[in-house]
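Biologist: I would like to learn how to read a model like this one. Where should we begin?

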Amino acid sequence: MKPDKAPGKAATTAHDQRRRKARREFLRAALACGIGVAAIGALGYVPVHNRWQPRLRPPGAQVENDFLASCIKCGQCVQVCPVEAITLADMLDGFGVGTPYIDARAQACDFSCDGLQCVLACPTGALTHEINYPHQVSIGVARLDRPDLCLAMQGKGFKGQARGPDYQGMLRYDEIDRWNPIPVRDHPYDLELCDLCVRQCPIEIRIKQCESGNPPSGDQNQCPPQHAITLEPVAGGDGVRMQPVIHDGCVGCGACEMICPVNPAAIVVDMGQKAFVA
Amino acid sequence: MNATIESLLVLFGKAPRRPGPDEMSQAVRDLHVFKKSDAVRISNIKVELKELKKKPLPKRWRRRRWAVLIAVNLLFVLSYQFDIQLLEGSLTASRFMGFHMADLHSALQVMLAYKHVLINLLIGTVTVFLLWFLLGGRTFCSWVCPYHLVAEWAESLHLYLVRRKLVRDHPFPRGLRSVFFILFALLAIVTGYTVFETISPTGILSRALVYGPGLALVWVAALLLFEIFYSRRAWCRYVCPIGLTYGVVGALSPVKVSYNLESCFHEGECRKVCMVPHVLDTVIKGRARDMRVELGADCTRCGRCVETCPTQSLTFQLKGLQKLL
């Protein structure tokens, strides 16, 4: 009897084992899939949680929500910028790996290209194609953040390299080279009263060119309709001390924050409130 | 047409179906019976296989493929770094000599998140759709995708460790990739953000190559470690919605790998090197439904099986053109 039964039993055990192994593998796969699906599902909440990361977007960027939705993260805007103002966000720059932003203090957009090349390069319209001229841009708005540090408000002048000998940033100086931006360190200043934020404002530069009858590219449409920043006498002051005042024509390009020679910059650009009105 | 639908179902995760004898012609049935009965042939195969194992596998197609993959990615890098401006952008969207190109899955994600059809983007997608429709959808994966290349290296490491019995492959159900595709699409719609783009190793690697490395590469490294030590080619096989998109696009492509039943000795070498062995189900003894069978939509046209097959029973085929010649 017994020898008869034994093989049958062994076969059943082997079969059971196989079945148990299959079940184990299935459970493991199901568990791993579940974890994977849940984890990636949870990732969807990261943007909701972390979206409000105030960063200057390139010219023409749509309101932040729409911008995040429509940016395809190809970096073509980075490639066309003559002053390399645009950087792609990395993992630690909040959510939005691969989305472009501008760190104005390091390198602002000075509209060296005149034609908004980044807008033209954008394949999705995340940088809206509805604008053509620098004065139509609204990246943000400048604000005198530290009036106590501002040299003009102290009645002081400025002499030397605006941002020191190691600064990498570039600006276009029309009087030196109309087409090629040069490093700021190669263009020292000697000013009786510091007016760098006004002097280097791309909008103010354009207004000046238009007033002298030489609009950029000979195109009257390039002329900004409103001032962006001017120096006004400090209220109740001695007539020497001046205060930078920001006007409605400010597009938030960040040139003032970039060139401001004190540290930290007395003037900064806030991401436009407009950007958050959906 | 039925074969196309079947190949799409297999792409989505269905197990390949074994064709019944009524689906085969008499000649095919006879050939299957003959192959099973012919003892001389079988012993010949064994001798031949032993000989074959002594030599390293030929890598003709792999060399070509790697050269193309590196060249395309290098063109992106050079266009920016040396300003030659032939191929600007990165793999998600670019301009080739001025023509808009957009990755189909990235474009789909943007439109789902943004909830508008962007005309500019549409132009780029049509160009790319036609390109990969003609070249065979998943050809993108093995001939262009930079993650495919590093994953291939990770795979050889994985296979080496498997041979040394240090690790074991943990396969997952293939249908998972379709689940992920839907999941990523839903995430884009609900969050209004292209969530997949954040974790896509294709996008991360392409941007890292063109614009310089970033911390996001840590995620790519983690994926590779997972593939080396736990599950062979896991991202491409079970997750990547880009691959699935291109699989659908190339389902009717004229570029196919074609299988010849008559000359096949059923050694099974092709299935060992294939990243998507379910498309090679037809080479198993008794499963081919015709004398010549085209491999399904999930095939990446990498050519590994073509160069590995000892009897040249798997070949690249250009439908239409071959009839003309």
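Modeller: Begin with confidence: pLDDT is the predictor's confidence in each residue, from 0 to 100. Chain A averages a pLDDT of 85, and 86% of the residues score at least 70. The model is predicted, so local features need pLDDT of at least 70, side-chain atom pairs count only at pLDDT 80 or more, and totals for chains, interfaces and linings use all residues. Residues are numbered from 1 along each chain as its sequence is written, chains are lettered from A and ligands numbered from 1 in the order in which they are written, and side-chain values use heavy atoms, with hydrogens and water left out.

Biologist: Which elements of chain A have the lowest and the highest mean pLDDT?

Modeller: Elements here are DSSP runs: helices (H or I, at least four residues) and strands (E, at least two), numbered from the N terminus. In chain A, helix α2 (residues 45-50) has the lowest mean pLDDT, 54. The highest, 96, belongs to α8(A). Over residues 1-8 of chain A the pLDDT is below 50. Where pLDDT is low, the predicted coordinates should not be read in detail.

Biologist: What is the average pLDDT of chain B?

Modeller: Chain B averages 89, with 98% of the residues at 70 or above. Among its elements, helix α8 (residues 146-163) of chain B has the highest mean, 96. Helix α17 (residues 321-324) of chain B has the lowest, 64. For the complex, the predictor gives an ipTM of 0.86 and a pTM of 0.86.

Biologist: How do I read the interface of the two chains?

Modeller: The size of an interface is often given as the accessible area lost when the parts come together. Here buried area is the loss with a 1.4 Å probe, summed over both parts. Chain A and chain B bury about 3500 Å² between them, 66% of it on carbon and sulfur atoms. In residues, 41 of chain A are in contact with 43 of chain B.

Biologist: How many salt bridges and polar contacts are counted between chain A and chain B?

Modeller: A salt bridge needs a side-chain nitrogen of Lys or Arg within 4 Å of a carboxyl oxygen of Asp or Glu. Between chain A and chain B the count is 0. A polar contact is a pair of N or O atoms within 3.5 Å; within protein, one must be able to donate a hydrogen and the other to accept it, and residues adjacent in sequence count only if both atoms are side-chain atoms. Chain A and chain B have 14 residue pairs in polar contact, both at pLDDT 80 or more. On the side of chain A, α1(A) gives the largest share, 10 residues.

Biologist: How is chain B divided?

Modeller: Domain bounds come from an automatic or database domain assignment. Chain B has domain 1 (2-60 + 254-318) and domain 2 (94-248). Their C-alpha centres lie 27 Å apart. The two domains of chain B bury about 1600 Å² between them, 51% of it on carbon and sulfur atoms. In domain 1 of chain B, Phe12(B), Met275(B) and Thr300(B) lose the most area to domain 2, together 35% of what that side buries.

Biologist: How many salt bridges cross that domain interface?

Modeller: The rule finds 2. Asp298(B) also forms a salt bridge with Arg138(B), with the closest N and O atoms 2.8 Å apart. The two domains of chain B have 11 residue pairs in polar contact, both at pLDDT 80 or more.

Biologist: What should I know about the backbone?

Modeller: Most residues other than glycine have a negative phi, and most peptide bonds are trans. A cis peptide bond joins Asn263(A) and Pro264(A), with omega about -5°. Pro264(A) lies in the loop between α8 (255-259) and β10 (267-271) of chain A. In chain B, phi of Lys165(B) is near 60°, a positive value in a residue other than glycine. Lys165(B) is found in the loop between α8 and α9 (176-191) of chain B.

Notes
Contact means heavy atoms within 4.5 Å.
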